[in-house]
Amino acid sequence: MKKILLLFILALPFFVIAQNDCEIESCEKEVKNKKIWGNAKYTGCVNLFDEPHGYGTQIFKTQTSSGCWKDGKKNGNFTIILKDGFEKYCVYKNDNQEKC
């Protein structure tokens, strides 16, 4: 848990940069550590249906993904940080990975 928190703190500047590219301008509602998927938690903006919508972070045991969401799907720039500290930057469109 401490390692994940440390990774999150170290990667915070990258999350802020990715947040500027989000097409969703306002956050309808914000949640913290909400279990949206069976094996992951989410912190960030959600729509009225509690789907990720806007900037947010998805936390698994092995990786953290931060970026823009639209109606529950990855849509935009994402920073993915693996448990070992490896980082990659990907672009998603309608939950499909366009490039990394």
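This briefing covers strand pairing, aromatic contacts and disulfides in one structure. The model is predicted: local features need pLDDT of at least 70, side-chain atom pairs count only at pLDDT 80 or more, and totals for chains, interfaces and linings use all residues. Residues are numbered from 1 along each chain as its sequence is written, and side-chain values use heavy atoms, with hydrogens and water left out. A search of the whole structure finds 3 disulfides (a pair of cysteine sulfur atoms within 2.5 Å). The structure also holds 5 aromatic pairs.

- Helices (H or I, at least four residues) and strands (E, at least two) are DSSP runs, numbered from the N terminus.
- Two strands count as paired if DSSP finds at least two bridges between them.
- Strand β1 spans residues 29-37 and runs antiparallel to β2, with 5 bridges joining the two.
- A hairpin is formed by β1 and β2, with 2 residues between them.
- Glu-30 has Cys-45 as its bridge partner in β2.
- On the β3 side, 5 bridges join β2 to β3 (residues 52-59), and these strands run antiparallel.
- Gly-44 stands opposite Gly-56 in β3.
- β2 and β3 form a hairpin with 5 residues between them. Asp-50, in that turn, has a positive phi of about 60°.
- Strand β2 (residues 40-46) is mostly covered, with 5 of its 7 residues buried.
- Buried means under 20% relative accessible area, exposed over 50%, and partly exposed in between (1.4 Å probe, protein chains only).
- In a regular strand the side chains alternate between the two faces of the sheet.

**Aromatic contacts**

- Rings of Phe, Tyr and Trp (its six-membered ring) pair if their centres lie within 6.5 Å. Planes under 30 degrees apart count as stacked, over 60 as edge-to-face, and the rest as tilted.
- The structure holds 5 such aromatic pairs.
- Trp-37 and Tyr-42 are edge-to-face, because their ring planes stand at 75°, with the centres 6.0 Å apart.
- Trp-37 is partly exposed, at 24% relative accessibility. Tyr-42 is buried, with a relative accessible area of 0%.
- Trp-37 and Trp-69 have ring centres 5.6 Å apart and planes at 35°, so this pair is tilted.
- Trp-37 lies in strand β1 and Trp-69 in strand β4 (residues 63-70), so the pair ties together parts that are 32 residues apart in sequence.
- Trp-69 counts as buried, at 2% relative accessibility.
- One aromatic cluster is formed by Trp-37, Tyr-42, Trp-69, Phe-78 and Tyr-92.

**Lys-74 over the rings**

- A charge sits over a ring if NZ of Lys or CZ of Arg is within 6 Å of the ring centre and within 35 degrees of the ring normal.
- The charged end of Lys-74 sits over the ring of Phe-78, 5.5 Å from its centre.
- The charged end of Lys-74 also sits over the ring of Tyr-92, 4.8 Å from its centre.

**Disulfide Cys-22 to Cys-68**

- A disulfide is a covalent bond between the sulfur atoms of two cysteines.
- Cys-22 is joined to Cys-68 by a disulfide, S to S 2.2 Å.
- The pair links distant parts of the chain, 46 residues apart. Cys-22 is in the loop between α1 (2-19) and β1, and Cys-68 is in strand β4.
- Cys-22 is buried at 14% relative accessibility, and Cys-68 is buried at 1% relative accessible area.

**Disulfide Cys-27 to Cys-45**

- The sulfur atoms of Cys-27 and Cys-45 are 2.1 Å apart and form a disulfide.
- This link of Cys-27 and Cys-45 is left-handed, with -125° about the S-S bond.
- The pair links distant parts of the chain, 18 residues apart: Cys-27 in the loop between α1 and β1, Cys-45 in strand β2.
- Cys-27 is partly exposed at 33% relative accessibility, whereas Cys-45 is buried at 12%.

**Disulfide Cys-90 to Cys-100**

- A disulfide joins Cys-90 to Cys-100, S to S 1.8 Å.
- The link of Cys-90 and Cys-100 is right-handed, with 100° about the S-S bond.
- The pair links distant parts of the chain, 10 residues apart: Cys-90 in strand β6 (residues 87-93), Cys-100 in the segment after β7 (96-99).
- Cys-90 is buried at 2% relative accessibility, whereas Cys-100 is exposed at 55%.

**Pairing pattern**

- With the bonded cysteines of the protein chain numbered in sequence order, the pairing is 1-4, 2-3, 5-6.
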